[in-house]
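The sequence and structure are shown below.

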Amino acid sequence: AYLKIIENSDIKKFFFFFNLSILFAILISLSQNMITVFINYELLTVSTIALVAFNKSSASNHSLKIYLFILFFASLIIFFPIVIYLDINNIDYSNISTKLTITETICLIILMMFAIAKSAAIIIHIWLIKAMVAPHPVSALLHAVAVVKSGIISFIKFISFTIGFEYAADLFTQYPVAIAAVPVITIIFAGIKALMKLNLKEILAFSTISQLNIMIIIIFSGD
């Protein structure tokens with residue numbers, strides 16, 4: 001019923017990019033190395049551009065600029081260099097403990113929390129709030145179907161390919177404050193912000209941010 005207000009030509013465009021976004025999210029989950037994770041991660045961002053700006057209003061265009069700036073800045077300035085560094089130095093879960101010190105490994109983990117902006121760590125979480133200007137089905141896509149899940153999946157892939165779940169759990173056991181600081185602060189901040197909001201979309205956005213960071217902590221449980 002919601003899409004009846006959209007003209008037929010726009011409906012085709014809507015569903016094309018909607019399904020394209022889901023496709024790239026699936027490809028992220030099927031990726032076998034961090035390079036393909038990064039490529040599909042970026043393609044997912046590009047595929048959501050038309051959806052975030054679907055209303056063609058000044059508000060949606062302004063939100064799109066912030067959305068793209070945060071996602072591309074985090075991925076091109078932090079995510080991409082890390083992926084290239086890991087690939088050039090052949091660093092993976094089998095040798096990271098010998099090639100990087102514990103401090104360097106923890107710093108790498110913290111950097112990746114911000115590099116993968118779709119996991120919505122504090123400060124870079126703003127993209128998710130701004131993207132809520134999109135139509136309701138797109139908000140659902142951002143919250144539950146593709147985009148935020150791709151952030152968690154990308155982080156899981158990073159831990160799996162680069163750190164190793166067992167080593168990550170050991171580091172978390174030894175240095176819980178250092179590793180959990182960013183997600184815990186984000187959880188508390190997002191929870192408080194959600195309680196202060198009256199708009200349903202904003203409540204869902206902050207609730208999603210909080211839950212995403214709970215998942216980040218669970219990744220280090222080792223179970």
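Helices α2 and α9 run roughly antiparallel to each other, a label given to angles over 145 degrees. Their axes are 10 Å apart and the packing angle is about 170 degrees. Axes are lines fitted to C-alpha atoms, for helices over the stretch in contact, and angles run from 0 to 180 degrees between N-to-C directions. Contact here means heavy atoms within 4.5 Å.

The model is predicted, so local features need pLDDT of at least 70 and side-chain atom pairs count only at pLDDT 80 or more, while totals for chains, interfaces and linings use all residues. Numbering starts from 1 along each chain as its sequence is written, and side-chain values use heavy atoms, with hydrogens and water left out.

Helix α9 (residues 147-163) also packs against helix α10 (residues 165-174): their axes come within 7 Å and cross at roughly 100 degrees. This makes α9 roughly perpendicular to α10, the term for 65 to 115 degrees. I156, I159, S160 and I163 of α9 meet F165, Y167 and A168 of α10.

Ala, Val, Leu, Ile, Met, Phe, Trp, Tyr, Cys and Pro count as nonpolar, Asp, Glu, Lys and Arg as charged, and the others, Gly among them, as polar.

| α9 with α10 | six residues | one residue | no residues |

The largest pocket holds about 230 Å³ of space. A pocket is an open set of points on a 1 Å grid, where a 1.4 Å probe fits, with protein on both sides within 12 Å along at least five of seven lines; lining residues have an atom within 4 Å of a point. Of its 13 lining residues, N33, M34, D87, I91 and F161 lie nearest the centre. Two or more residues each come from α2 (34-47), α4 (58-88) and α9, and α4 gives the largest share, three residues.

Overall, the protein has 12 helices and zero strands; helices are DSSP runs (H or I) of at least four residues, and strands (E) of at least two.

Definitions and conventions:
Parallel < 35°, antiparallel > 145°, perpendicular 65-115°, else oblique. Points joined across faces, edges and corners; volume = space filled by probe spheres on them.
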